[in-house]
Amino acid sequence: MTLAHISLSSRALSDHDLTRLLHEDAPHGDLTTSSLGISGHPGQMTFRARGPQRLSCSEDAARLIELAGATILSVRPSGSTLADQDEILHAEGPAGALLLAWKVAQTLLEYTAGIASTTAALVAASRRPDGSGPLIACTRKTFPGTRALAARAVRDGGGIMHRLGLSETILLFPEHTPFTDLITAISHLRAAAPEKRVVVEVGSLASAQQAVHAGADVLQLEKFSPPNVAEVTQWVSTHAPQCIVAAAGGITPDNAAAYAAAGADVLVTSWPYFAPPRDVSVSITAKASA
């Protein structure tokens with residue numbers, strides 16, 4: 001089957017962006033393949049997981065291969081949990097198209113699977129004994145130019161984006177308050193964007209209490225230990241139960257359970273962006289002409 005039925009909404013990147021990735025790798029064509037004179041030879045290409053992983057951006061990789069001039073015969077959907085040697089996608093077409101798309105598609109799959117797999121590990125680690133757990137929310141601290149792919153990988157891992165950027169959410173940092181006091185700041189934010197929740201980053205129980213009294217909707221606890229998070233959540237449950245508590249800074253699969261047990265509603269993290277890529281194998285073979 002081809003991917004004509006897959007909508008743009010199922011992909012992180014547009015055709016324009018995917019074509020740009022191909023052009024980045026081969027701005028003047030594939031010198032090796034064209035010099036060998038094999039560009040038109042029919043072939044096939046199969047991608048497989050090498051080790052367990054959470055799949056991400058498989059539709060983007062498949063569309064990239066199509067844009068290079070090959071045909072997709074099968075592709076597993078993003079968000080799938082893969083075991084070792086599970087097939088990800090299979091394509092056929094002229095060798096020139098397969099070899100052009102090969103490494104770009106492989107690298108795309110490997111890096112996004114690293115983010116998705118680590119996000120999934122955070123989600124699993126933060127589950128409480130009753131099956132509940134905080135949301136895993138990833139920050140905007142992606143490598144510049146890769147946010148669309150990172151955001152898709154976070155979603156494929158079962159997380160959400162804390163912020164996609166500065167334009168759509170309100171987060172009042174301590175760095176804002178040298179220019180205005182907290183109460184005035186929140187009042188201005190409520191007037192300027194009344195439909196938005198006001199998130200305030202705090203560094204202590206006292207500053208959390210001050211933010212709640214000033215009208216914060218969400219407390220972002222920056223680099224609090226799990227016991228300190230528990231102290232805040234206990235106070236909030238009594239004095240402002242409508243307020244959401246988000247623990248941020250240094251959240252990893254090793255300590256996610258402790259932060260969940262402390263009562264945090266959201267765990268804000270950049271950890272998945274620094275995960276090592278997962279391994280994807282690719283086999284390319286010649287195909288007999290019909």
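Mentor: Let us begin with strand S6 (residues 135-138), which pairs with strand S12 (residues 266-269) in the parallel sense over four bridges; strands are DSSP runs of E with at least two residues, helices are runs of H or I with at least four, both numbered from the N terminus, and pairing requires at least two DSSP bridges. This is a predicted model, in which local features need pLDDT of at least 70 and side-chain atom pairs count only at pLDDT 80 or more, while totals for chains, interfaces and linings use all residues. Residues are numbered from 1 along each chain as its sequence is written, and side-chain values use heavy atoms, with hydrogens and water left out.

Together with helix H5 (residues 147-156), strands S6 and S7 build a right-handed β-α-β unit, where right-handed describes a path from the first strand over the helix to the second that runs clockwise when the strands point away from the viewer.

These strands belong to an open sheet of seven, paired in parallel and ordered S7-S6-S12-S11-S10-S9-S8. The edges are held by S7 and strand S8 (170-172), each of which has a single partner strand, so one side of each is left without a neighbour in the sheet.

Turning to helix packing, two packed helices are described by the angle between their axes and the distance between the axes. Helix H6 (residues 182-192) and helix H7 have axes that come within 9 Å and cross at roughly 45°, the axes being lines fitted to C-alpha atoms, for helices over the stretch in contact, and the angles running from 0 to 180 degrees between N-to-C directions. H6 and H7 are therefore oblique to each other, given that angles under 35 degrees count as roughly parallel, over 145 as roughly antiparallel, 65 to 115 as roughly perpendicular and the rest as oblique. Leu182, Ile183 and Ile186 of H6 make the contact with Gln210, Ala211 and Ala214 of H7, contact meaning heavy atoms within 4.5 Å.

H7 (residues 205-214) in turn packs with helix H8 (residues 226-239), their axes coming within 10 Å and crossing at roughly 30°, so that H7 and H8 are roughly parallel to each other. Here Leu205, Ala208, Gln209, Val212 and His213 of H7 meet Glu231, Val232 and Trp235 of H8.

The other sheet to consider is an open one of four strands in the order S3-S5-S1-S13, with antiparallel pairing. Its edge strands, strand S3 (71-75) and strand S13 (279-286), each pair on one side only, and the twist from one strand to the next averages 15°. Inside this order, strand S1 (residues 42-50) and strand S5 (residues 87-94) pair in the antiparallel sense over seven bridges, and glycine 43 has glycine 93 of S5 as its bridge partner.

Two helices lie across strands of this sheet: helix H3 covers S1, S3 and S5, running at about 5° to S5, whereas helix H4 lies across S1, S5 and S13 and runs at about 160° to S5. The axes of H3 (residues 58-68) and H4 (residues 95-125) come within 9 Å and cross at roughly 165°. That angle makes H3 roughly antiparallel to H4. On the H3 side, Ser58, Asp60, Ala61, Leu64, Ile65 and Ala68 take part, and they meet Ala97, Leu100, Ala101, Val104, Ala105, Leu108 and Leu109 of H4. The residues of this contact of H3 with H4 divide into eleven nonpolar, one polar and one charged, where Ala, Val, Leu, Ile, Met, Phe, Trp, Tyr, Cys and Pro count as nonpolar, Asp, Glu, Lys and Arg as charged, and the others, Gly among them, as polar.
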